Amino acid sequence: MGLFFLALLLMAISASRAADEAAFIGVNIGTSLSDMPDPTQVVALLKAQQIHHVRLYDANQAMLLALANTGIRVIVSIPNEQLLGIGQSNATAANWVSRNILPHVPATNITAIAVGSEVLTALPNAAPILVSAMNFIHSALVASKLDSHIKVSTPHASSIILDSFPPSQAFFNRTLDPVMVPLLKFLQSTGSFLMLNVYPYYDYILANGAIALDYALFRPLLPTKEAVDLNTLLHYTNVFDAVVDAAYFAMSYLNFTNIPITVTESGWPSKGDVNERDATLDNANTYNSNLIKHIINTTGTPKHPGIAVSTYIYELYNEDERPGRLSEKNWGLFDANGVPIYILHLIGSGTLLANDTTNQTFCVAREGADKKMLQAALDWACGPGKVDCSSLLQGQPCYEPDTVVAHASYAFDAYYHRMAMTDGTCNFNGVATVTTTDPSHGPCIFPGSAGRNGTFTNSTSHAPSFNSTTSGCRSHFWHGEDFYIHSILLGVVVWCAAYL
């Protein structure tokens, strides 16, 4: 497998409610790895990938030292286990700032302190002292004249928002009002922002089919597939925007209308257990690629168009030592060696790339995909998709192995490269996936492989996807056990049955 470094991004100039800076994409850095890179290696990766904003889950001294003089903006965190002590003692809070912040500024560009993580849902017994802890930390920053540069907030799980769709009806769990009201007053008075963790993956899983995968992944939707808030007539094309707007409406319900939101965690797992079939490389790539473009293109949300919400991707590394399901270990953009888990599709997003290797990706049949669906997708690619499939005929370079998987992979890749590898062109109703492994074999050279770009006809056909409205049903090939049957009629039946 060719190993390629990808530059993550970023900087887009936009109006931002959050601060006097542009909206940005950052990353979370977890450390539950059996082979955790040392801090200097982590910082080298950040710099190589042009990642300028990070969130740490603690205030690790070695990491803060390694980040010194890099200009990288850092959120440090107070772990939940330290929260009770800090929330009950102003002196303890001042001591924490003295030990973890003062030795590192201004060399290390610390811009925020996250007090705990999802405290209201993960550690509810600490909820009564959460705002006290935030006030004590802020007071220590004021005493050191750092409060104008370092903001204090606390990340919340989006589950504290009830009745989240339509967003205009959303409200915070009423039992949390004794905490949320003073918390929001604190954020407002100190010029800070609401930290929110947004996970469309979990929303999609928990919806049990009520949420379309395309809606969760930011894929383009037909107007008839968009979710409409009937109270505001705002149209929602993705889960992320709906959750963020639900938080805005929930704050306005409590009469807070000028507090910006920063999404402190969002992402999609690239691998899961057998029953986690949507935790895949393709879905993770699609979600994070689309999320990045959505944020830096200043798309905004329907409630606040043009005002993007700065977001931290969860996360930089796969964490193999995290407990729980397989998906819990596979949210990272990179492995411990700094090798990308997948190559993000950022063409046309306006990002700054240190090493754009997007052209070295291939589209192949997904492992375990249904053979009938593969056959239907192959027929479409070689028919309405206008891919030159002559190399798949008997006696030609890519005839062997004579299987629907092998032939579909060639046709999918040919279409993918003909369409310039744009989003949605390696989908084929879920039976195709993007890979960085060159699938060429023997005399069969795949489009996009070294030494060949492929020859295609000009066309504006789009690969079938969840929202495809393609009605042309012309087939070129049909696979039996070991042979081809050239049958237009049978291809029509298979294609139409599978896709219309």
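**Exercise 1.** Determine which residues of α12 meet which residues of α13, and describe how the two helices are arranged.

*Solution.* Step 1: on the α12 side, the residues in contact (heavy atoms within 4.5 Å) are Lys-371, Leu-374, Gln-375, Ala-377, Leu-378, Trp-380, Ala-381 and Cys-382, and they meet Val-404, Val-405, His-407, Ala-408, Ala-411, Phe-412 and Tyr-415 of α13.

Step 1: sorted by class, this contact of α12 with α13 has twelve nonpolar, two polar and one charged residues. Here Ala, Val, Leu, Ile, Met, Phe, Trp, Tyr, Cys and Pro count as nonpolar, Asp, Glu, Lys and Arg as charged, and the others, Gly among them, as polar.

Step 2: the axes of α12 (residues 371-382) and α13 (residues 404-418) come within 9 Å and cross at roughly 40 degrees. Axes are lines fitted to C-alpha atoms, for helices over the stretch in contact, with angles from 0 to 180 degrees between N-to-C directions; helices are DSSP runs (H or I, at least four residues), as are strands (E, at least two), numbered from the N terminus.

Step 3: α12 and α13 are therefore oblique to each other. Angles under 35 degrees count as roughly parallel, over 145 as roughly antiparallel, 65 to 115 as roughly perpendicular and the rest as oblique.

The model is predicted: local features need pLDDT of at least 70, side-chain atom pairs count only at pLDDT 80 or more, and totals for chains, interfaces and linings use all residues. Residues are numbered from 1 along each chain as its sequence is written, and side-chain values use heavy atoms, with hydrogens and water left out.

**Exercise 2.** Describe the arrangement of α4 and α6 and the residues in their contact.

*Solution.* Step 1: the axes of α4 (residues 90-100) and α6 (residues 130-143) come within 8 Å and cross at roughly 55 degrees.

Step 1: α4 contributes Asn-90, Ala-93, Ala-94, Trp-96 and Val-97 to the contact, while α6 contributes Phe-136, Ile-137, Ala-140 and Leu-141.

Step 2: by class, the contact of α4 with α6 has eight nonpolar, one polar and no charged residues.

**Exercise 3.** State the phi value of Leu-233 and its place.

*Solution.* Step 1: phi of Leu-233 is near 65 degrees, a positive value in a residue other than glycine.

Step 1: Leu-233 belongs to the loop between β10 (227-229) and β11 (234-236).
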